[in-house]
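Please keep the sequence and the coordinates in view while reading.

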Amino acid sequence: GNTTLLAPSILSADFTRLNEAVTTAQEAGADWIHCDVMDGHFVPNITFGPFIVKAVAACSSLTIDTHLMISDPDRYIPDFIEAGSHQVTVHQETCPHLHRSVQLIKSLGAKAGVSINPGTPVSTLESIIGDVDLVLLMSVNPGFGGQKFIPSSIGKIERLHEMRNTYNPGMTIAVDGGVTTENAQELVSAGADALIAGTAFFKAPDPAEAARQIKAASR
Ligand code: DX5
Ligand code: ZN
């Protein structure tokens with residue numbers, strides 16, 4: 001079947017060597033660079049804003065995949081697209097007007113994603129799924145890299161995969177949090193197309209080998 005898309009999360013990289021980290025990801029065959037934006041409000045951690053996304057984009061020829069874990073994302077979506085994001089994902093939990101947020105992203109020329117937390121059912125995506133390019137299923141509670149995969153996420157991937165067949169066959173299913181070389185195949189078998197990997201890629205003794213193993217997962 002199809003090979004799995006790999007998106008290393010820059011959050012787990014050495015920020016004193018951002019350019020090298022991006023190059024490592026590129027040379028390892030990564031497909032996207034995942035940028036984790038946290039505001040200390042929606043999630044209990046603060047990371048970086050458009051300024052760093054712009055720096056990452058300047059070092060990279062890969063798809064810049066920006067994950068906004070922030071309240072009121074509509075305020076900042078234009079800045080993140082201007083900074084070079086090709087895909088912008090907002091959280092269902094932070095968007096009272098989710099359809100408007102998705103349309104805003106698309107109107108600015110980027111692909112639109114919606115993410116849900118581990119405690120949010122996939123059924124809450126039913127009305128938006130036809131309008132998105134990707135769904136980012138969180139398999140840890142967002143806020144930090146290096147957390148353990150939450151096993152009940154497998155059932156959510158399967159359920160989302162069924163929903164996709166009904167509502168939007170072209171949509172990408174991405175899984176984010178606690179992805180490892182060990183669980184990659186199980187996630188892809190359940191229906192994942194893209195795997196986000198922070199720790200499993202950047203903290204691996206051999207990132208290129210980790211990338212090869214994750215991308216080898218197939219349906
Ligand atoms: C969690 C972030 C994830 C995280 C992944 O809040 O959205 O993208 O950086 O890191 P690992 O792969 O280490 O769980
Ligand atoms: Zn993320």
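**From fold to loops**

Of the contacts in the chain that link residues at least 6 apart in sequence, 64% join residues at least 24 apart. This is a predicted model. The chain comprises eight helices and eight strands. Its radius of gyration is 16 Å, close to the 17 Å given by the globule rule for 219 residues, so the chain is as compact as a globular protein of that length. The C-alpha trace spans about 40 × 35 × 30 Å along its principal axes, and buried residues account for 46% of the 219 residues.

Attention may now turn to annotated positions. In an unreviewed UniProt entry, the annotation "binding site" covers Ser9, His67, Gly143, Phe144, Gly145, Gly146, Asp176, Gly177 and Gly178. Among them, Gly146 lies in the loop between strand S6 (134-138) and helix H5 (153-167). Gly146 counts as partly exposed because it has 13 C-beta neighbours inside 10 Å.

Leaving aside residues up to four places away in sequence, Gly178 touches Ser139, Val140, Gln147, Lys148 and Phe149.

A further loop, between strand S3 (63-69) and helix H3 (77-82), contains Asp72. The phi angle of Asp72 is near 50 degrees, a positive value in a residue other than glycine. Asp72 has 15 C-beta neighbours inside 10 Å and therefore counts as partly exposed.

How values were computed
Residues are numbered from 1 along each chain as its sequence is written. Chains are lettered from A and ligands numbered from 1 in the order in which they are written. This is a predicted model: local features need pLDDT of at least 70, side-chain atom pairs count only at pLDDT 80 or more; totals for chains, interfaces and linings use all residues. Helices (H or I, at least four residues) and strands (E, at least two) are DSSP runs, numbered from the N terminus. A residue is buried if 20 or more other C-beta atoms lie within 10 Å of its own, exposed if 12 or fewer, and partly exposed in between; C-beta atoms are placed from the backbone. UniProt positions are given in the numbering used here, feature names are shortened, and annotations may be inferred rather than shown by experiment. Two residues are in contact if their C-beta atoms, placed from the backbone, lie within 7 Å. The radius of gyration is taken over C-alpha atoms; the globule rule is 2.2 Å times the number of residues to the power 0.38.
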